[in-house]
Amino acid sequence: MAVPLIQQLRVGAYIIKQRLKGNERYPLVLMLEPLFRCNLACPGCGKIDYPDEILNRRLSVAECIEAAEESGAPIISIPGGEPLIHKEIDQIVEALIARKRFVYLCTNALLLEKKIGLFKPSQYLTFSIHLDGLEEEHDRAVDQKGVFKRAVRAIELARDKGFRVNVNCTLFNNAKAEEVAEFMDFARDLGVEGVTISPGYAYERAPDQEHFLNRRQTKELFRDLFRRGKGRQWRFSQSSLFLDFLAGNQSYHCTPWSNPTRNVFGWQRPCYLLNEGYAPSFKALMEETDWAGYGTGNYEKCADCMVHCGYEGTAVADTVKHPLKALGVALKGINTEGEMAPEIDLSKQRPAVFSFEDFVAEAAATPKPKSASSSTEAAE
């Protein structure tokens, strides 16, 4: 596992503290989404399907700091959209680092070479760069040629300047284990800190609905991948038990509150992947959301989800509770043979509710709060 020791210790101490306080629900990672605007239009993405009046909205620096303080999460992931489009992204990152939060700035890297001078290397800052495979596969995934080469060039630049660099890879049902293994070799040789890897989530608004993995396909793909990875010294930025879960060896339920999302609308219910309304505060999100109504086995939209932002929190909590089990998986490797753990029963899940169009219409008609920043800055 490629997570630095200081981060492991801080997160472990944070979890123990929450348990001693008797808190059953607490965040591990704040998904801080300061804008939806992006300079790519990936077919598998459902995060940018908004009218311009919404795409032009931004969270202010003050709102981002407030969200960090409100949630108290030790790790803050800044996705988007493309966060490097935000004119104040350097101020946001600097303020969060000053509060000793571990910041993962998620970027497609198209602007990173131009804007890297805005940032300083820190043990608290990681550039998490999107690569969905080698050149042909990645450029197809983002629907634009040349993006892979620019991203790799930016990775090399950030690495050479002393920044922590991570690769974020999403897999779909056209992924082949042998090709993903070649990509993992490439990432290892590129010298990144690690790879965060996960199956894609079937966003209902994504233009391409044909290439999302179901749970069985996910488990078989990762078993095949990990089988090929034995002895190849790949570095993952994820817990050993989450990787074991991807290979079908753990029967986990997701913990959506472990990765709460704050964006230009408020606190998104119930998680980063699903948009079913917003809470006005973090406290309201945690206390008033019907958590039992979501998750695999509870809700049709969650049926095939095995994404890290839902299940990594479960795996990390299990690691703290059963450290010897996690150590055993880390030392022995992930089991890729034999029976898989029992699957979650889907027979009692409630049907999906589709309310996105109504929500967007209502949000577009609602005046933006005065404290929220806005910008018509073009996607560079």
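Which helices do the buried residues of H12 pack against? They pack against helix H1 (5–20), helix H9 (215–229), helix H10 (240–246) and helix H13 (323–332). Keep in mind as you explore that this is a predicted model.

**Helix H12**

- H12 covers residues 308–321, and from its first C-alpha to its last it reaches 19 Å.
- The buried residues start with a run you can trace in the structure: Cys 309, Gly 310, Tyr 311, Glu 312 and Gly 313 are among them.
- Thr 314, Ala 315, Val 316, Ala 317 and Asp 318 of H12 are buried too.
- As a handy rule, an α-helix has 3.6 residues a turn, so residues three or four places apart point the same way.

**Cavities**

- Rolling a probe the size of a water molecule over the atoms shows where empty space is left.
- Fifteen residues, written as 15 in the count, line the largest cavity.
- Nearest the centre of the largest cavity lie Cys 254, Cys 271, Leu 273, Cys 302 and Cys 305.
- Helix H12 turns up again here, giving three residues, the largest share of the lining of the largest cavity.
- By type, the lining of the largest cavity has twelve nonpolar residues, three polar and no charged.

**Ala 247, a buried loop residue**

- Look for Ala 247 in the loop between H10 and strand S8 (261–263).
- Ala 247 has a relative accessible area of 0%, so it counts as buried.
- Leaving aside neighbours within four places in sequence, Ala 247 is in contact with Lys 219, Phe 222, Arg 223, Phe 226, Ile 334, Asn 335 and Met 340.
- Leu 221 is 26 residues from Ala 247 along the chain, yet their C-alpha atoms are separated by 7.9 Å.

**Thr 218, a buried helix residue**

- Is Thr 218, with its relative accessible area of 0%, buried or exposed? Thr 218 is buried, because its relative accessible area is 0%.
- You will find Thr 218 in helix H9, one of the helices that the buried residues of H12 pack against.
- Leaving aside neighbours within four places in sequence, Thr 218 is in contact with Pro 199, Leu 213, Leu 246 and Met 306.

Terms used:
Residues are numbered from 1 along each chain as its sequence is written. This is a predicted model: local features need pLDDT of at least 70, side-chain atom pairs count only at pLDDT 80 or more; totals for chains, interfaces and linings use all residues. Side-chain values use heavy atoms; hydrogens and water are left out. On a 1 Å grid over the protein atoms alone, a cavity is a set of points where a 1.4 Å probe fits but cannot get out, and a pocket is an open set with protein on both sides within 12 Å along at least five of seven lines; lining residues have an atom within 4 Å of a point. Helices (H or I, at least four residues) and strands (E, at least two) are DSSP runs, numbered from the N terminus. Ala, Val, Leu, Ile, Met, Phe, Trp, Tyr, Cys and Pro count as nonpolar, Asp, Glu, Lys and Arg as charged, and the others, Gly among them, as polar. The expected span of a helix is 1.5 Å times one less than its number of residues. Buried means under 20% relative accessible area, exposed over 50%, partly exposed in between (1.4 Å probe, protein chains only). Contact means heavy atoms within 4.5 Å.
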